[in-house]
Amino acid sequence: MGKWNETVEIFKPHIAKIKSPRFQELRRLTAISSCIGLCLLINSMLITTKSQRARADAANIITIQGPQIDVSGRKEHMAIPLDLNDGLPVTVQRGIPADSAALSKNPEVVLTADQVDLVKHFSEYLTAHHEMAVITSGERSPEGQLDIIKQRIEEHGAANQFPLLDSASPSDTKVWLSAWNWLRARRVAVNAPADIPGQDIKTSMHLKGLAIDFIAGSLDQLSGWLADFSRSAYAKNTSLKIIGIVREPGCIHINLAPQA
Ligand SMILES: [Zn+2]
């Protein structure tokens with residue numbers, strides 16, 4: 001006990017010092033200033049990394065040069081195939097059969113349930129005959145059909161004659177009709193994206209889900225396979241039947257009708 005009391009006696013002045021308001025004030029000031037110091041240090045570190053990052057971003061932006069890419073019009077179009085899972089192999093490179101599949105489709109191709117039923121049977125036919133083909137078009141939306149008109153106009157270097165066409169929708173009849181007539185006058189085969197009451201306009205069978213386009217190594221052979229398939233047992237239990245095979249520039253187009 002004696003030792004303890006001595007110890008307390010020794011520390012009494014120090015304890016008194018610690019308890020004194022001046023010491024406590026000093027301690028508080030030290031704490032505050034070291035805190036401020038730490039904050040400044042962290043802050044300066046953050047500013048350094050931030051400005052470095054900002055510089056990196058600026059460098060990246062500078063390297064990206066060239067014409068502005070407008071993706072606004074394509075968004076809706078791109079969104080369709082992503083939701084769709086019809087089980088058909090999708091090509092990695094457009095037009096090239098996917099992973100040696102007898103029948104695959106380009107990524108943007110949309111098919112109705114009845115079209116899927118038909119092409120799956122055609123796929124079985126192709127497998128049995130060790131042949132390959134790729135579907136390049138199935139059901140088209142009016143927007144998709146109008147996109148084809150926009151493409152053809154651009155290909156013919158006439159885009160500046162139809163300044164409103166690029167942003168036009170199928171309901172902008174006047175805008176696309178003049179472009180469509182311009183193409184027809186030059187014998188460019190393309191269907192209209194919509195019917196116009198009172199006018200003799202042929203809309204695409206693709207719009208009705210009653211046409212499919214295919215390609216293969218040889219289009220002549222492909223049209224032969226389709227004709228043979230349509231007469232075969234493979235095509236007996238499908239909901240759609242082939243009623244026409246048309247050789248178009250760059251593809252074989254088939255017209256379909258409900259099976260009787
Ligand atoms: Zn077609």
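## A walk through the sheet and its helices

S2 and S3 pair in the antiparallel sense, over three bridges. Two strands count as paired if DSSP finds at least two bridges between them. Helices (H or I, at least four residues) and strands (E, at least two) are DSSP runs, numbered from the N terminus. At this pairing, Ile135 stands opposite Phe214 in S3.

Before going on, a word about what you're looking at. This is a predicted model: local features need pLDDT of at least 70, side-chain atom pairs count only at pLDDT 80 or more, and totals for chains, interfaces and linings use all residues. Residues are numbered from 1 along each chain as its sequence is written.

How does the protein read along its sequence? The pattern is α-α-α-β-α-β-α-α-β-α-β-β, with seven helices and five strands. The five strands make an open sheet in the order S1-S2-S3-S5-S4, with mixed pairing. Strands of a sheet pair through backbone hydrogen bonds, either parallel or antiparallel. At the edges sit S1 and strand S4 (240–248), each pairing on one side only. On average, neighbouring strands of this sheet are turned by 30° against each other, direction ignored.

Strand S1 (residues 103–105) runs parallel to S2, joined by three bridges, and Leu103 stands opposite Ala133 in S2. To get from S1 to S2 the chain passes through H4, and this β-α-β crossover is left-handed. For the handedness rule, picture the strands pointing away from you: a crossover is right-handed if the path from the first strand over the helix to the second runs clockwise.

Is S2 enclosed or open? Five of the five residues of S2 are buried, so this strand is largely enclosed by the rest of the structure. Here a residue is buried if 20 or more other C-beta atoms lie within 10 Å of its own, exposed if 12 or fewer, and partly exposed in between, with C-beta atoms placed from the backbone. Over the protein, buried residues make up 22% of the 260 residues.

Now the helices. H4 lies across S1, S2, S3 and S4, running at about 140° to S1. H7 lies across S2, S3, S4 and S5, at about 165° to S4. For these angles, axes are lines fitted to C-alpha atoms, for helices over the stretch in contact, and the values run from 0 to 180 degrees between N-to-C directions. Within H4 (residues 113–128) you'll find Glu124, which is partly exposed because it has 15 other C-beta atoms within 10 Å. Its C-alpha atom is separated by 8.7 Å from that of Leu103, 21 residues apart along the chain.

The largest one has 28 residues, and Val119, Phe122, Ala133, Ile135, Phe214 and Leu222 touch the most other members. Two or more residues come from each of H4, strand S2 (133–137), strand S3 (211–215), helix H7 (219–231) and strand S5 (251–258). H4 gives the most, with five residues. Another core, of eight residues, lies apart from it, and includes Leu146, Ile149, Leu165 and Trp180.

Take Phe214 as an example: not counting residues up to four places away in sequence, Phe214 touches Ala133, Val134, Ile135, Thr136, Leu222, Cys251 and Ile252. Two residues are in contact if their C-beta atoms, placed from the backbone, lie within 7 Å. Among contacts in the protein with a separation of 6 or more, 59% are between residues 24 or more positions apart.

Two loop residues are worth a look. Most residues other than glycine have a negative phi. Asp99, in the loop between helix H3 (75–83) and S1, has a positive phi near 45°. Arg187, in the loop between helix H6 (173–185) and S3, has a positive phi of about 60°. Asp99 counts as exposed because it has 10 C-beta neighbours inside 10 Å, and Arg187 is exposed too, with 6 other C-beta atoms within 10 Å.

Finally, how confident is the model? The pLDDT, the predictor's confidence in each residue from 0 to 100, averages 79, and 68% of the residues score at least 70. Over residues 58–65 the pLDDT is below 50, and beyond near neighbours in sequence this stretch has zero contacts in the model. Residues 70–83 also have a pLDDT below 50, with seven such contacts. Where pLDDT is low, the predicted coordinates should not be read in detail.

Notes. A nonpolar core is a set of buried Ala, Val, Leu, Ile, Met, Phe, Trp, Tyr and Cys residues joined through C-beta atoms within 7 Å.
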